[in-house]
Amino acid sequence: MIEFQHVSFSYEKGRSVIEDLSFRIERGESVGLIGANGAGKSTVMKLLLGLLSGEGKILVDGIEVNKASLPAVRRRLGFVLQNSDNQMFMPTVYEDMIFAPLNYGLSREEAERRVDDVLERLGLQELKYRHNHRISGGEKRMAAIATILAMEPEVILMDEPSAALDPYNRRIVINTICGLSQTKLITSHDLDMILDTCERVILLDRGRIVADGPADEILRNRELLEAHRMELPFCLAGR
Amino acid sequence: MNKMEKALHELGEMDDLAAQDSPIHRLSPLAKLLSTILYIVVVVSFHKYDLSGMAVMLLFPVLLFQISGIPVRTCFYKLRIVLPLVMAVGLFNPFYDRAPLLTIGSVPVSGGVVSMLSLMLKGLLCLMASFLLIATTPIDSLCAALRKLHLPAMLVTLLLLTYRYVGVMTEELAVMTDAYHLCAPGQKGIHVSAWGSFLGQLLLRSMDRAQELYNSMQLRGYHGHFHYAPGRPFGPQDALYTIGCAAAFLLLRFVNAAELLGRLVVR
Ligand SMILES: Nc1ncnc2c1ncn2[C@@H]1O[C@H](COP(=O)(O)OP(=O)(O)O)[C@@H](O)[C@H]1O
Ligand SMILES: [Mg+2]
């Protein structure tokens, strides 16, 4: 579904942020992209979405990501931004959710039906006509996820979905992610969440892959994690 | 809440006002837009000495405030920053135009004073009418109406995004002033020496966020064409409202109702 072939990227000349990155994600997999702050996780997402372009080749569903293919690629990818405030820019949750379906040519009735479906599935009907500036951080994150689900993407990308959430809302978000059947790529340094939501983990450090394998194995490997400025998930720390 | 957050909150309040329900809110945005434009044109067209004729035009906003249930207080509160600026426009007229125009009791009143007052009134009336339009119409239905009047899509999108970005910028400003005050406790405002870097930072941060916002729009299939919520369709009651308003404005413009009323009373 997603393939990186020898991808490199730098924001400034001579300081490469992503170096010779290669990996493959199959359809239906849920993969956690982990690494310390500044490891390059968000950059990987942006490369995949075509917001940045570097050297090497990136394929989404067999389509190479380039300027001409952007609409087709982006149609397949749903990106939940790290900061929901930047994602929800319309007055109400409903208008934000209907934005993408309308852009993709659905009629207002079809789009509204889709919005209602998603809200019901997530148990968020109550949020529909709420104003974006009047809902709490947790509600906003859920609304942002709902907005992306209304696009019906094949792959869901999430950048730090549990950041800045309290434990209760974090748990809601985790349960929601687990209930999604799409291919998922989730970045985070919240390893407990990754353990709950992903079966495979790619560990990134300074723009290189240092480990790639089953979440159960990598997240239990204390030496590996600590060597790359990470810590064991709380629930495995054995305290 | 610091000052900026309050400002942001106020911006959200405009959305809230527009989401309320009243006979005015239920009108088609197009009808409200047309009548407001006409109102402004008529108000501006009054002669600079025709204070009494223009005073009658106050009727329209007063009626709208009554029917829509938007508190007049809110209007003046929101306009408190622009209102003085607009009103200041005529401030120098009394110095240029000193010829006495009329006398009240035995005090001569110069043309300059009258034209100053009429300019102020013009500003006030136009601002109130525009405020009422925005306070009773959601911004994107308003944009849809502007599109129906064949304003270029580019311009309308710009309007909508400006409306949204003002919020983003105020938010960044809020975070930065808070951060500044934590480092400079007890200081009022921001010291002149920090203005440069402060402004630069603000611009960069707002631009970053605006870019993120724009990215998120593009990632959701946006290609420069907004699908505005159409708002309520233009029905018979909207036609009636628009024609009624137009007739009333023109009548008030060309028949001096105040004078007429005065004559009736005197007779
Ligand atoms: N717009 C930018 N310009 C220059 N450098 C950047 C920019 N964005 C990120 N970086 C740098 O790229 C590196 C990776 O950043 P990022 O992908 O955001 O890391 P992560 O998401 O893993 O925390 C960091 O060292 C960061 O300083
Ligand atoms: Mg990041």
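A polar contact here is a pair of N or O atoms within 3.5 Å; within protein, one must be able to donate a hydrogen and the other to accept it, and residues adjacent in sequence count only if both atoms are side-chain atoms. This is a predicted model, where local features need pLDDT of at least 70, side-chain atom pairs count only at pLDDT 80 or more, and totals for chains, interfaces and linings use all residues. Residues are numbered from 1 along each chain as its sequence is written, chains are lettered from A and ligands numbered from 1 in the order in which they are written, and side-chain values use heavy atoms, with hydrogens and water left out.

**View 1. Backbone atoms of chain A meet ligand 1.** A backbone N or O atom of Lys41(A) sits 2.8 Å from an oxygen atom of ligand 1. For Gly40(A), a polar backbone atom is 3.0 Å from a ligand oxygen, and for Ala39(A) the distance from a backbone N or O atom to an oxygen of ligand 1 is 3.3 Å. On its own, ligand 1 exposes 560 Å², of which the protein buries 62% (Shrake-Rupley areas with a 1.4 Å probe; for residues, only the protein chains shown count as cover).

**View 2. The shell around ligand 1.** Residues with a heavy atom within 4 Å of the molecule count as near, and among them are Tyr11(A), Glu12(A), Arg15(A), Asn37(A) and Ser42(A). By class, the shell has four nonpolar, five polar and three charged residues (Ala, Val, Leu, Ile, Met, Phe, Trp, Tyr, Cys and Pro are nonpolar, Asp, Glu, Lys and Arg charged, and the others, Gly among them, polar). Helix α1(A) gives the most, with three residues; helices (H or I, at least four residues) and strands (E, at least two) are DSSP runs numbered from the N terminus.

**View 3. An open antiparallel sheet in chain A.** Four strands line up as β2-β1-β4-β5, with antiparallel pairing; two strands pair if DSSP finds at least two bridges between them. The edges are β2 and β5 (63–64), each pairing on one side only. Seven bridges join β1(A) to β2(A), with Ile2(A) opposite Ile25(A). Their hairpin has two residues between the strands, and Gly14(A) takes a positive phi near 85 degrees there. Between β1(A) and β4(A) (residues 55–60) there are five bridges, and Ser8(A) has Glu55(A) as its bridge partner.

View 4. Helix α4 (residues 93–103) of chain A supplies the largest share, four residues.
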